[in-house]
Amino acid sequence: SPAVFFENVEGFDHPVLFNLFGTRERVARAAGAAAGTFAERWLNAEAAPLAPVPVTSGPVQEVVLKGKEADVTRLPILHHFPQDAGRYLCLGMFLCRDPDSGIGNLSYHRMQMKGPDRFGVSLHSRGHPWDFFRRQEERGKPLEVAIVIGAHPALHVAAGAEFGMDVDELAVGGALLGSPVEMVPCKTLDLQVPANAEIVVEGEILPNVREPEGPFNEYTGYTTARSTENVFQVKAVTRRRDAWYLDVIPGYSSEHLMLSRVAKEAR
């Protein structure tokens, strides 16, 4: 199950890496654990999380694109399977926060690219971002979300785990790294993002707006159109000058399942 790196993707400026999380050995290395010790490393990180720390700048904002320049069609977002409704952003970490408590959250949700500044989003897992959005929509407000594409693998592993509302996955990721995650302020949102990430798409999930989204090949091995049909409006794209695009093999692949499986096994 090798990691695969495409250096020259026709029509795009960014190389593409996927299947990084295809084996337990690579997941353990990402968390700084020796072979056979991931569970211990994970449980220690859960028990002693390290809160993120703010910084004023970072590589993820070497290039800042706003307005019409923030065109997500320029990113090598892939059309993975013939049955999929289109090009899907699959491994972008949803970074948002509880609108009442302010506690941060990292998670994954499928995003269908609808145009240069628009995605269809499904929050059908009914996880924390779904609840955050529900409360914001009741107030007639959007939910601010930063989509982090490519960060330290330990953060991606933490984003795939399930925690209570009082736990920020970034703090668990920092514990896995052995040092707090450095965070830089977004350009258009009242959020902070990992300063050393590859690409960030800043935007909002719009209240009282729904559009068809899907179908998509899910982790169950089935193609499904089940969706909350939410809409994400892009406000900015920031990135490294030489950014890599990190993707996941969706559907019933070992990589797709591994991101949520390893934390459950550790417990």
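Strands S11 and S12 run antiparallel and are joined by three bridges. In this predicted model, the two strands belong to an open sheet of three strands, arranged in the order S3-S11-S12 with mixed pairing. The edge positions are taken by S3 and S12, each of which has a single partner strand, so one side of each is left without a neighbour in the sheet. Within the sheet, Pro185 is placed opposite Gln192 of S12. Strands of a sheet pair through backbone hydrogen bonds, in either a parallel or an antiparallel manner.

The loop between strand S11 (182-185) and strand S12 (192-194) contains Cys186. Cys186 counts as buried because its relative accessibility is 9%, against a limit of under 20% for that class. Apart from neighbours within four places in sequence, the residues in contact with Cys186 are Gln61, Ala146, Leu191, Gln192, Val193 and Glu202. Gln61 is 125 residues away from Cys186 in sequence, while the C-alpha atoms of the two residues are 8.8 Å apart in space.

S11 and S12 also take part in the packing around helix H5. Helix H5 (residues 169-177) is mostly covered, with eight of its nine residues buried. These buried residues are Glu169, Leu170, Ala171, Val172, Gly173, Gly174, Ala175 and Leu176. They pack against helix H2 (38-47), S6, S7, H4, S11 and S12.

Salt bridges were searched for over the whole structure, and 16 were found. Side chains of opposite charge can pair when their charged atoms come close. One of the salt bridges joins Arg241 to Glu62, with 4.0 Å between the closest N and O atoms. This pair links distant parts of the chain, 179 residues apart: Arg241 is in the loop between strand S16 (230-239) and strand S17 (245-246), and Glu62 is in the loop between strand S3 (53-54) and strand S4 (63-66). Arg241 has a relative accessible area of 61% and is therefore classed as exposed, whereas Glu62 is partly exposed at 35% relative accessibility.

A second salt bridge is formed by the side chains of Arg135 and Asp98, at an N to O distance of 2.8 Å. Arg135 is located in helix H3 (residues 128-138) and Asp98 in the loop between strand S6 (93-97) and strand S7 (104-108), so the pair ties together parts that are 37 residues apart in sequence. Arg135 and Asp98 are both buried.

A further salt bridge connects Glu138 with Arg134, where the closest N and O atoms are 3.4 Å apart. Both residues lie in helix H3, with a spacing of four residues, or about one turn of the helix. An α-helix has 3.6 residues a turn, so residues three or four places apart point the same way. Glu138 is exposed, at a relative accessible area of 60%, and Arg134 is partly exposed, at a relative accessibility of 31%. Asp98, Asp100, Asp131, Arg134, Arg135, Glu138 and Arg139 are linked in a network of salt bridges.

Pockets were examined next. Rolling a probe the size of a water molecule over the atoms shows where empty space is left. The largest pocket holds about 990 Å³ of space. Its lining comprises 34 residues, and those nearest the centre of the pocket are Tyr108, Ser125, Glu162, Tyr219 and Ser260. S7, H3 and helix H6 (254-266) are the elements that give two or more residues to this lining. H6 gives the most, with six residues. By class, 14 residues of the lining of the largest pocket are nonpolar, 13 are polar and seven are charged.

The second largest pocket contains about 310 Å³ of space. It is lined by 20 residues, of which Ala151, His152, Leu155, Asn196 and Ala197 are the closest to its centre. The elements contributing two or more residues to the lining of the second largest pocket are helix H4 (153-159) and S17. Its lining consists of 14 nonpolar, four polar and two charged residues.

How values were computed:
Residues numbered from 1 in each chain as written. Predicted model: local features only at pLDDT ≥ 70, side-chain atom pairs only at ≥ 80, totals over all residues. Heavy atoms only, no water. Buried < 20%, exposed > 50% of the residue type's maximum accessible area, 1.4 Å probe, protein only. Contact = heavy atoms within 4.5 Å. Pairing = 2+ DSSP bridges. 1 Å grid on protein atoms, 1.4 Å probe; cavity = no way out; pocket = protein on both sides within 12 Å on 5 of 7 lines; lining within 4 Å. Points joined across faces, edges and corners; volume = space filled by probe spheres on them. Nonpolar A, V, L, I, M, F, W, Y, C, P; charged D, E, K, R; others polar.
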